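User: I would like to learn how to read a few features of a structure, one at a time. Could you start with contacts?

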Amino acid sequence: MADTSADLLVVGSGTGMAAALAAHELGLSVLVVEKASHVGGSTARSGGALWLPVGPVLAEAGAGDTQEHATTYLDAVVADSAPRQRSTGFVTHVSAMVDMLRRTTPLRFFWARDYSDYHPEEPGGSATGRTCECHPFDTSLLGAYRTRLEPGLMEVSVPVPTTGADYRWMNLVARVPRKGIPTFAKRIGQGVGGLMLGRRYAAGGQGLAAGMFAGVLRAGIPVWTDTSLLRLDVDGHRVRGAIVVHGGREVSITARHGVVLATGGFDHSMDMRWKFQSESLGANLSLGAAANTGDGIRAGQELGAGIDLMDQAWWFPAVAPLPGEAPAVMLAERSLPGSLIVNQHGSRFANESSIT
Ligand SMILES: Cc1cc2nc3c(=O)[nH]c(=O)nc-3n(C[C@H](O)[C@H](O)[C@H](O)COP(=O)(O)OP(=O)(O)OC[C@H]3O[C@@H](n4cnc5c(N)ncnc54)[C@H](O)[C@@H]3O)c2cc1C
């Protein structure tokens with residue numbers, strides 16, 4: 001007999017919050033369980049850049065993207081590795097997803113013009129890009145729950161809510177001061193001025209996760225933190241719920257319409273990283289959320305689900321840390337004029353301006 005039940009169980013509170021919001025809007029009762037003490041996962045630690053081809057954000061900005069161009073691009077970059085129905089499904093549903101987030105959260109999106117596609121040289125690729133971002137979000141809207149948001153990579157006492165689009169000009173302030181200085185002034189003003197008004201703005205993934213969290217709170221969707229998926233509960237060939245560890249004991253949850261596994265990757269499972277990525281990986285240095293240890297992947301595998309592309313990841317250049325320190329994120333510094341990156345032999349090993 002189950003301890004509790006919901007129409008939909010969402011495991012993981014990063015992008016899982018979007019699933020929870022969509023289901024709630026459809027009238028389903030939803031429960032989100034989250035292994036960490038904080039809400040947001042790697043999503044809250046990320047840059048928050050959203051690749052949203054064709055959708056309303058690009059259309060409103062006059063970006064001129066079309067379904068055909070976006071599909072051509074996806075065919076060029078992922079056709080060999082994923083069934084076409086998946087990329088087609090993605091492109092087809094971007095608009096509905098953005099509209100849903102606009103209805104269910106206070107998030108506001110904009111087109112990050114000139115944030116190039118990762119492969120602009122491929123057919124359908126765009127150098128002006130299809131990446132969108134959220135405007136800086138006032139996390140004080142979370143009220144007492146603000147401290148429950150997964151901290152960002154670089155927590156500072158005085159916030160300077162910097163979007164990717166801002167960062168471009170801030171990074172080039174010495175070269176293009178007419179763009180860089182006003183951008184700095186605007187964001188410092190927003191951060192400091194906001195504090196004086198009792199607001200605390202966050203940009204990037206912090207803003208994105210905070211906005212979804214605000215929607216989840218507004219909808220009254222329960223989120224059980226410090227609650228870890230142990231295994232899926234099956235009845236024959238049907239998943240009927242899950243067993244989680246909550247408050248130090250096993251709790252059985254019935255999910256009448258299914259379970260969404262949104263437990264992120266295996267960033268911090270060195271066993272999996274050695275197995276699927278490289279045996280030469282040394283210490284555990286991933287910048288992803290600490291609780292992401294591949295639990296959802298394993299839960300699926302236990303039921304016979306297939307895995308693929310396990311060597312792939314959202315890689316990011318970082319500077320190797322001194323012992324005991326976290327890696328330093330390296331954004332655009334490497335591609336600044338005059339920057340060269342060399343290996344321990346003093347030789348260049350990459351195109352510093354390459355986006356990936
Ligand atoms: C530094 C950095 C920058 C990035 N920037 C970008 C970017 O700009 N654009 C982009 O598209 N991508 C970016 N990414 C990648 C992106 O953040 C991730 O692909 C995305 O956030 C993954 O979302 P998710 O919901 O799958 O996982 P997450 O957001 O990590 O959510 C998974 C959640 O599941 C929880 N969980 C794990 N195991 C269990 C369990 N057993 N039971 C219950 N809960 C569990 C975790 O605690 C976590 O909260 C970046 C990543 C990093 C690390």
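Analyst: Gladly. A contact means heavy atoms within 4.5 Å. Aspartate 295 touches Lys35, Ser228, Leu229 and Thr263, not counting residues up to four places away in sequence. This is a predicted model, where local features need pLDDT of at least 70, side-chain atom pairs count only at pLDDT 80 or more, and totals for chains, interfaces and linings use all residues. Residues are numbered from 1 along each chain as its sequence is written, and side-chain values use heavy atoms, with hydrogens and water left out.

User: Is aspartate 295 buried or exposed, and in which helix is it found?

Analyst: Buried means under 20% relative accessible area, exposed over 50%, and partly exposed in between (1.4 Å probe, protein chains only). Aspartate 295 has 18% relative accessibility, so it counts as buried. It is found in helix H9 (residues 295-302); helices (H or I, at least four residues) and strands (E, at least two) are DSSP runs, numbered from the N terminus.

User: How should I read salt bridges, and how many does a search of the whole structure find?

Analyst: Side chains of opposite charge can pair when their charged atoms come close. The criterion is a side-chain nitrogen of Lys or Arg within 4 Å of a carboxyl oxygen of Asp or Glu. The search finds 13. In one of them, aspartate 7 meets arginine 256, with the closest N and O atoms 2.9 Å apart. Aspartate 7 sits in the loop between E1 and strand E2 (8-11) and arginine 256 in the loop between E12 and strand E13 (259-261), so the pair ties together parts 249 residues apart in sequence. Aspartate 7 is buried at 14% relative accessibility, whereas arginine 256 is partly exposed at 43%.

User: What about glutamate 60 and its salt bridge partner?

Analyst: Glutamate 60 pairs with arginine 102, again with the closest N and O atoms 2.9 Å apart. This links distant parts of the chain, 42 residues apart: glutamate 60 is in helix H2 (residues 56-60) and arginine 102 in helix H4. Salt bridges that share partners also join Lys35, Asp295 and Arg298 into one network.

User: And sheets: what is the strand order in the open sheet of 4 strands?

Analyst: Strands of a sheet pair through backbone hydrogen bonds, either parallel or antiparallel. Two strands count as paired if DSSP finds at least two bridges between them. Here the order is E1-E12-E11-E10, with mixed pairing. Strand E1 (4-6) and strand E10 (227-235) stand at the edges with a single partner strand each, so one side of each has no neighbour in the sheet. Strand E11 (residues 238-246) and strand E12 (residues 249-255) are antiparallel over 6 bridges.
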